[in-house]
Amino acid sequence: MSFINKRVSSFLLRRSREKTATATFKNLRFQSSLANLKEPTFSRTKIPGEYEYPNVVTSIPGPKSQELKDELSSLQNTGALIFFADYNQSRGNFIVDCDGNIMLD
């Protein structure tokens, strides 16, 4: 084997060992970082008195909303009106209409 071939073989062998060592080190780092991972926790900040879920008790618009809509239609166009909101009963992301329907806003 010539001198150049020995040098090239030596270099390639060294390079192969370095790559293996680097790959092993990276793999160990990756595995140790995975070991530190925990299940994600989601906390829902709840507004005091906020409803747990939507609850529809009448059709939308309900009878009270329809009655108020008919009354208001004598004063203005109510074509885009869906329901009347009760903001005193609404909490957080939930809106309550005058018929008592609880809807997610």
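Leaving out neighbours within four places in sequence, isoleucine 95 is in contact with Phe83, Ala85, Tyr87, Ser90, Asn101, Ile102, Met103 and Asp105, where contact means heavy atoms within 4.5 Å. I start with that residue and then widen the view.

First, the terms of use. This is a predicted model, in which local features need pLDDT of at least 70, side-chain atom pairs count only at pLDDT 80 or more, and totals for chains, interfaces and linings use all residues. Residues are numbered from 1 along each chain as its sequence is written, and side-chain values use heavy atoms, with hydrogens and water left out.

Confidence next. pLDDT is the predictor's confidence in each residue, from 0 to 100. Its mean over the protein is 75, and 57% of the residues reach 70 or more. Among the elements, helix α1, residues 3–35, has the lowest mean pLDDT, 59, while strand β1, residues 94–96, has the highest, 91.

Now the layout. The protein has two helices and two strands, and along the sequence they follow the pattern α-α-β-β. Helices (H or I, at least four residues) and strands (E, at least two) are DSSP runs, numbered from the N terminus. Of the contacts with a separation of 6 or more, 48% are between residues 24 or more positions apart.

On surface: the protein exposes about 8,900 Å², and carbon and sulfur atoms supply 56% of it. Those areas come from the Shrake-Rupley method with a 1.4 Å probe; for residues, only the protein chains shown count as cover. Buried residues make up 13% of the 105 residues. Buried means under 20% relative accessible area, exposed over 50%, and partly exposed in between, with a 1.4 Å probe and protein chains only.

Back to isoleucine 95. This residue lies in strand β1 and, at 13% relative accessibility, counts as buried. Its C-alpha atom is separated by 8.9 Å from that of proline 54, 41 residues apart along the chain.

How many aromatic pairs are there? The count comes to one. Tyrosine 51 and phenylalanine 94 form that pair, edge-to-face, at 6.2 Å centre to centre and 80 degrees between the planes. The pair ties together parts that are 43 residues apart in sequence, because tyrosine 51 lies in the loop between α1 and α2 (63–73) and phenylalanine 94 in strand β1. The rule: rings of Phe, Tyr and Trp (its six-membered ring) pair if their centres lie within 6.5 Å; planes under 30 degrees apart count as stacked, over 60 as edge-to-face and the rest as tilted. Phenylalanine 94 has 5% relative accessibility, so it counts as buried.

The loop between α1 and α2 also holds glycine 49. Glycine 49 is exposed, with a relative accessible area of 53%. From its C-alpha atom to that of glutamine 89, 40 residues apart along the chain, the separation is 9.7 Å. Proline 61 has its place in the loop between α1 and α2 as well, and the peptide bond from isoleucine 60 to proline 61 is cis, with omega near 0 degrees. For context, most peptide bonds are trans.

Last, helix α2. Lysine 69 lies there, buried yet without a salt bridge; the nearest side chain of opposite charge, aspartate 70, is 6.9 Å away. A salt bridge is a side-chain nitrogen of Lys or Arg within 4 Å of a carboxyl oxygen of Asp or Glu. For charge, Lys and Arg count as positive and Asp and Glu as negative, while His and the chain ends are not counted.

Beyond four places in sequence, what does lysine 69 contact? The residues are Thr78, Leu81 and Phe84. Leucine 72, also in helix α2, touches Thr78, Leu81 and Phe84, not counting residues up to four places away in sequence. Leucine 72 is partly exposed, with a relative accessible area of 23%.
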